[in-house]
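This report goes through the structure shown below, from its domains to the pairing of its chains.

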2 protein chains.
Amino acid sequence: MSDSPYILFDEWQGDYARRTKVMTTSAVRDLFAAASRSDVISLSGGMPDTHVLPLDQVKKLTTYVYNHYGDSVFQYGQTGGLPELKEEIVKLMAELGVAIEPRDLFITTGAQQALSLIGESFINRGDYIITEGPTYLGALNAFMPFEPRIITVPFDDEGMRTDALEEVLTKLARAGGQAKFIYTIPTFQNPGGVTMSLARRKRLLELAHRFDVLLIEDDPYSRLRFAGEAVPAIRSLDDNMIYLGTVSKIFAPSMRTGWVVAPGPILDKLNMAKQGADLCSSNFNHLLCLEYFRQSDWHATLAEACGLYRMRAEAMLAALERYFPPEAHWTHPEGGFFVWVTLPKYFDTDELLATALEHGVTFVPGRGCYPRRGGLGGNSMRIAFCYESPERLEEAIKRLAEAIQDRLELYRAFIKAGVIRE
Amino acid sequence: MSDSPYILFDEWQGDYARRTKVMTTSAVRDLFAAASRSDVISLSGGMPDTHVLPLDQVKKLTTYVYNHYGDSVFQYGQTGGLPELKEEIVKLMAELGVAIEPRDLFITTGAQQALSLIGESFINRGDYIITEGPTYLGALNAFMPFEPRIITVPFDDEGMRTDALEEVLTKLARAGGQAKFIYTIPTFQNPGGVTMSLARRKRLLELAHRFDVLLIEDDPYSRLRFAGEAVPAIRSLDDNMIYLGTVSKIFAPSMRTGWVVAPGPILDKLNMAKQGADLCSSNFNHLLCLEYFRQSDWHATLAEACGLYRMRAEAMLAALERYFPPEAHWTHPEGGFFVWVTLPKYFDTDELLATALEHGVTFVPGRGCYPRRGGLGGNSMRIAFCYESPERLEEAIKRLAEAIQDRLELYRAFIKAGVIRE
């Protein structure tokens, strides 16, 4: 991850803030270097397939932006984002059944920045926050600098287990504590791939109300459904919460454009935090997003991308059935980018990664998707089907299965020798 | 500043992090709304004149970017920025007499983000940091969330007063304390407009070494010199410090592209912090910056802009001489964007701002350029000459002088009545 490959001596070692000790580098980022070797197939990154974008049209839209917006294409923008783009996002939200006005939202430098600004605005050192476990490692990276205590709640095929959540909230309340917020990715969860059922969404809202905890719905993937029935956004069922959206998966990550829907006073805090964080996002990018949503047939482009994701997911799931050992099980996503694989408890996917790299494939080891290293997730991994062709995905799963097989033989010998338990 | 104009009740009031109490909204931002009234001339914002940009060429370069870089135009980028752009920035730095390699730098979402990441990486609550007083209010916004104690050192016509700095450092050391860093804008300081002499730069480095304090040189303006002789960047005299640069004033603010030059271990910390803050900056913007610096005659464009800034600064300074009362004095910049005006001690520029708005002109009240409201800067203001025509600037200064005159008459009556002292 380092941009400076040679570290001899850090004379500023004593000077860093305490918070830097709990900040860990993202496993995904660490792997980017390895994954860029052409012989390695990466199942690590959550990159959307941007090859489907209508390049000629985007070129024309860019020229349109230059011709129509004059100086503002190059200037500083408003901290809260381009007002016209807010109006366009209001329309996007209406399609999801969420009725808002432009004043109910705030544009950020990617949804990642929204997570960081929320962390900054809400978390005091030692505060409890609740996330799914496993959860999006970028969210952990965003929250960790503010030194929260993170409680994770497991999911099953219906999403976050609200029975486990109730238990956590009850215990906290009994101990006189309270969580600052519950962070969930209810649809095509990252890294789980699972989607929270409507019943669970309603139950989650009930619990958030009863225990008076702020709810944050992170929703980058819900438009990437390629099977099953749509489930309403939690924000469509309740106004008094935070919703995060992004153009990364419906247009392009390089726009670095996300948004927050939240009650006004919360938006005020985020606005203040953003002034310190980066002043404003790129007006140039906002204008291009604006015209992309206004003028292009982006729904058709997205449908094309979803068709590709469906074929890739099917190829990955078929390859998993074909090549993976009976000891492994995995989730069956109806959209999004990821499958979550669980191996026997004695398995260590950090160690597996080295073997997998030798076999020419990478993935995200599960530990990185939990708050603390050395704790949960050691026998699991995230594999992404979003970016590679079905053929490459089958090859990648085959390689990964071989790497798993190599280690399984070792583990089986250990089990036979009584060194580890099944 | 709010994106939500109606605030009735904030039910989350008890939930915000403690740090939000010390975060204040930027006076500049608050004024943007007022300043956008077409009858008001704004001397508030530090916007570069982007009208000089060669629009046709930028259009061609954008097409070039789309044609030559394929999918990466739309994708996530590396956290540390586009490697090719790093190489180009190395050349920019060489022009300033700073010899570095790509691994010595890290690209951020504007230099503003660099300030925020530095704050996050170094400041524990209660730590001392040292800045010029007045200083860039965006730097204050970036540092304040981490709750430092900020000590300000005044400047004179030769920049930060190193005698006062030595006094501060000595006192701190005697009390067993130490500052985490010294933050300076040595060239065409914001808001002061003053430039630190070479002798002072050397003295500053001596003091930083002697007291073992990290030095941060923020350098957005040094290429905007329109009079006098260039003074070497502090970073050209010493390697073991932090230097911040930006494309905002040499290309376009909407690129949101800045950079940090620092020792490797520090860059590693910033990289980690950036992963949580926004994952990566915009590859699209980086590619356009890259080709702008590679292919356009940007030095000529910048020279044209500087010619405009020179005429505007001259117009503003002439108007100040002509219209401002003898009680006022001000700095005489040889570059950059700003003039710093000091009025008699009994003057309050927060109150003046309301009167000035009635007269159709805005400025940045001095208090916002100091760490704490209610303390220093109440009788001063920042006025920007960068964006308006000489004619509009003269009109603005005339209006501002009238507003000052209005209040001076009041103050003079108070002085006569013995209510306030001269």
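## Domains of chain A

Chain A is divided into domain 1 (13-52 + 300-416) and domain 2 (74-295), with bounds that come from an automatic or database domain assignment. The centres of domain 1 of chain A and domain 2 of chain A, taken over C-alpha atoms, are separated by 24 Å. Their contact takes 33 residues from domain 1 of chain A and 30 residues from domain 2 of chain A; two residues are in contact if their C-beta atoms, placed from the backbone, lie within 7 Å.

On the side of domain 1 of chain A that touches domain 2 of chain A, the elements that give two or more residues are helix 1 (27-35), helix 10 (298-323), strand 12 (338-342) and strand 15 (380-384) of chain A. Helices (H or I, at least four residues) and strands (E, at least two) are DSSP runs, numbered from the N terminus. Helix 10 of chain A gives the largest share of this side, five residues. By class, this side of domain 1 of chain A has 19 nonpolar, ten polar and four charged residues. Ala, Val, Leu, Ile, Met, Phe, Trp, Tyr, Cys and Pro count as nonpolar, Asp, Glu, Lys and Arg as charged, and the others, Gly among them, as polar.

## Basis of the model

This is a predicted model, in which local features need pLDDT of at least 70, side-chain atom pairs count only at pLDDT 80 or more, and totals for chains, interfaces and linings use all residues. Residues are numbered from 1 along each chain as its sequence is written, while chains are lettered from A and ligands numbered from 1 in the order in which they are written.

## Contact between the chains

The contact takes 80 residues from chain A and 80 residues from chain B. On the side of chain A that touches chain B, helix 8 of chain A gives the largest share, 13 residues. By class, this side of chain A has 34 nonpolar, 31 polar and 15 charged residues.

## Relation of the two copies
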